[in-house]
Amino acid sequence: MKKWLSYILLSALLITALPLSLVKAAETDCTGKLAASGNNINVSLLFPQAVTENITSLRFKLKVSITDGKMDEPVFQFTDTVKSEVKDSKITSDDTNYIVDVILSGKKDKIIFPAGGQADIGTISLKPSGSIYKISTQFTGISNENPSAEYVTDSGQSAKEVPLVNTEVLTITGSSQGQSSSVGGGGGFATQKPNATATPSPAPSTTDTPDVTPTGTPAPSEEPGSFDLNQKPSMSVTAKKGSRIVTFKWKIIDGADGYIFYSASGKSSNYKKIRTILKPERISCNVTMDFASSYSFRMCAFKTAEDGSRVFGQYSKIKKLTTAPAKIKGVKARISGKKINLSWKKVKNAKGYQIYAGKKKNGSYSLVKTLKKGSVLKTTVKKNSKYKYFKARAYVNNASKKRVYGNFCTSVKAKK
């Protein structure tokens, strides 16, 4: 890790502290290419003549997804033809994906892209641990899922982030009969299709008729039609009292073919796709999230080009929401002398509980106790002629430190 950080610092010497300038795909039309040779994936990038300065520093990311079987951590190796002061890659992982973060950084005489514009960067060696597997490799983004690359020219004045267009997902499948790979199919073992990210695992379920795509965000391409890339979606996020079902509402964006919704848990900035809407006329949808959890949500619109790739608009403003905790189960009320002992089962992620009492089962109830620890699972109240029936609910705190309450449990009668 220290070695990787030192490379980042060395690269920073070549870049001033100016903000990243986003170059439109139409101006540069940069492409990332993947080619399979057995379990090795050759990685190359093509920068056109529109980039008039020599590129001396480069950064991009790849995602390796395990959709079937198991594999060990892949290995990335640079080609000998790449000349650079810094050549290294950092590989991180979660349960189903490996992210390969590739960085090259050099001086003026260390030009990454030759006159032809295409540079063979290196090779990813996949490491399946069995004979049956399915592994997908694709370009992803520097800060989100949209494929992109960041580069610095020999002038060293600013870093530029550009979309990688027309990229593809390369899927290699192994079976008991052998392994093969090809572009656009081949023996039924491997396929390539417009770039997409793997569906997050576990993915939240939807509560209405799903029209979720099985894959995620393809790489952007040239701007088609009247779709406005600079228009930000206007989105609201709500949840009914006591519910974990989140309702999204938005305004239609002219020229869009659909919308994609993302969520990040807690304070994380790692957004995952939770829903894709393929009906541009829709203005709302529901997604079932986890109980008692805080989320940040955002969305973007997209336009589908003739080749099947997608052009993405701006992200909406981030909206935050905390879902309600689950309903309390196992509530018991036992009379013991002049006291009533209450107990219940723990509610996941609860920060506390409220106890209500009433004289009649279907009558009015009053708050008799608030417990401010989610680990407390019992309490005692004084026996009272008004305390015949009891019900309880859990609560959590949202980002504003306000309580979000779950639904009340079914009322129970105090017994000896």
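1. Which strands form a hairpin with 2 residues between them, and which turn residue has a positive phi? They are E2 and E3, and the turn residue is Gly38, whose phi is about 65°. Strands here (E, at least two residues) and helices (H or I, at least four) are DSSP runs, numbered from the N terminus.

2. A quick word on what you're looking at. This is a predicted model, where local features need pLDDT of at least 70 and side-chain atom pairs count only at pLDDT 80 or more, while totals for chains, interfaces and linings use all residues. Residues are numbered from 1 along each chain as its sequence is written, and side-chain values use heavy atoms, with hydrogens and water left out.

3. Now the overall make-up. The protein chain has 31 strands and 2 helices. Of its 416 residues, 46% are buried (under 20% relative accessible area, with a 1.4 Å probe and protein chains only).

4. E2 and E3 are antiparallel and share 7 bridges; strands count as paired if DSSP finds at least two bridges between them. Lys33 has Ser44 in E3 as its bridge partner, and Ala35 sits opposite Asn42 in E3.

5. Next, the inside. The largest nonpolar core has 35 residues, and Leu45, Phe47, Leu58, Phe60 and Ile121 touch the most other members. Such a core is a set of buried Ala, Val, Leu, Ile, Met, Phe, Trp, Tyr and Cys residues joined through side-chain atoms within 4.5 Å. Elements giving two or more residues to this core include E3 (40-46), E5 (71-78) and E8 (118-128), but E4 gives the most, with 6 residues.

6. Phe47 deserves a click. Leaving aside neighbours within four places in sequence, Phe47 is in contact (heavy atoms within 4.5 Å) with residues including Cys30, Leu58, Phe113, Tyr151 and Val162. There is also a second, separate core of 22 residues, with Leu229, Tyr295, Met299 and Ala301 among them.

Methods
Buried means under 20% relative accessible area, exposed over 50%, partly exposed in between (1.4 Å probe, protein chains only).
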